[in-house]
Amino acid sequence: MNMHIILPRATIFDQDDSIYDGVLEMLEEFEKREYDVIFVSHQRNKHELFESSIREKSGLDVKFRTRNDLRTILKDPDNKECLKTVIVVGSSDNDLHLATNFKLLLINPEWSHIKESKPIEYGFSLKSPEKVTKMINIIKNQQSWFFELEIDSNCKLYALTSANNNSAIGDEEAIINEFRKILKEGSNKNFEALFFHFIASVMKSDELREIDLWSIMPSSGTTLNEDMLEIKERCRYLNGRKKKSPLFIRHKRTRKSHETSTEERLRIGAKKHLETINLNPEYKKFIKGKVVCVIDDYITNGASFEALRNILIKAGAKKVIFVAIGRFKKGTFGVYQKEDYRIDGDVFSTDYSFELIDRNPNFGENGKYDTKAKEEVGEIYNILYR
């Protein structure tokens with residue numbers, strides 16, 4: 001599938017209508033790879049000037065359009081399928097609004113003289129046209145999740161990459177370690193690499209683009225994981241979803257998973273989460289019939305996801321999608337313990353009870369792994385930090 005790239009005027013020209021360094025090389029690379037590039041400017045009276053400037057310096061024959069022209073193109077029903085391969089490289093709030101309205105991936109070009117706040121906050125910032133070219137090439141080829149598991153017809157689990165160091169090769173181990181620092185130790189050094197890999201995967205997935213509610217797994221304490229919260233907020237905003245409040249409430253602290261043995265965790269299963277989590281009452285009228293996504297840092301045994309799956313299905317969710325950043329794979333298949341509960345009472349309060357109906361500790365055997373996803377992690381690391 002071909003890539004479609006939207007380039008606003010301020011991504012190409014500075015305040016004096018001079019072309020930024022590196023932009024012509026970026027355009028030539030897009031031309032060579034046969035990417036569909038849409039040039040945009042609200043200054044209709046300068047379109048001919050912009051077109052001739054690019055043509056004289058690069059030989060490329062380009063055409064500028066207005067933003068109204070662009071919206072007409074994107075609204076065309078025949079273009080619905082290609083929207084997941086459209087990338088906006090823009091630095092204005094208008095560019096961000098365009099991206100959110102049509103669920104497009106936004107790259108913020110740091111070299112642009114326009115530096116408005118929302119693209120910096122919610123977009124993915126890159127320092128040079130060369131890095132934009134490399135990243136877009138990765139997006140085009142990025143098709144893999146490291147781990148996929150269909151839990152039932154209404155629930156699916158994805159993991160972005162491996163969390164195991166013992167099978168890592170080359171730069172993969174370095175970035176796995178950095179991701180762990182981000183998620184467990186509060187390090188922000190490579191947060192943008194993590195976010196880019198995640199949001200690019202989301203934007204290219206038909207299934208994930210249909211999510212109605214975005215949420216994160218509550219931490220073992222009563223406070224939220226700030227890095228996971230930021231990832232959730234960016235996904236929510238870029239997909240045009242307005243509900244911001246936490247979906248789940250941890251009303252009572254629970255022991256951290258690493259404080260108990262694997263055997264003990266499997267024996268307890270989802271019980272410890274069902275005893276300490278309820279849905280936020282604000283969402284009482286918003287879950288029934290909706291697609292809900294829960295983001296977590298790591299997936300090991302599946303106990304936390306299973307608790308949330310049972311709660312959300314009880315609340316009437318149409319579909320539940322779990323996305324973990326890293327998958328700890330133990331043994332040949334990795335562990336996932338599926339647990340079905342009968343829940344009575346109001347899951348929007350602490351006043352509900354539950355009873356285990358069925359448990360399958362070997363459900364992880366149904367999962368699928370794709371090692372190509374591990375290679376993509378290394379490529380992103382090289383572009384950003386080499």
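Phe30 is buried, with a relative accessible area of 1%; buried means under 20% relative accessible area, exposed over 50%, and partly exposed in between (1.4 Å probe, protein chains only). Tyr35 likewise counts as buried, at 7% relative accessibility. This is a predicted model, in which local features need pLDDT of at least 70, side-chain atom pairs count only at pLDDT 80 or more, and totals for chains, interfaces and linings use all residues. Residues are numbered from 1 along each chain as its sequence is written, and side-chain values use heavy atoms, with hydrogens and water left out.

The structure holds 12 aromatic pairs. Rings of Phe, Tyr and Trp (its six-membered ring) pair if their centres lie within 6.5 Å; planes under 30 degrees apart count as stacked, over 60 as edge-to-face and the rest as tilted. Two of the pairs are tabulated here.

| Pair | Centre to centre | Angle between planes | Class |
|---|---|---|---|
| Phe30 and Tyr35 | 5.8 Å | 45° | tilted |
| Phe39 and Phe64 | 5.4 Å | 45° | tilted |

The charged end of Lys243 sits over the ring of Phe286, 4.3 Å from its centre, and that of Arg327 sits over the ring of Phe147, 4.5 Å from its centre. A charge sits over a ring if NZ of Lys or CZ of Arg is within 6 Å of the ring centre and within 35 degrees of the ring normal.
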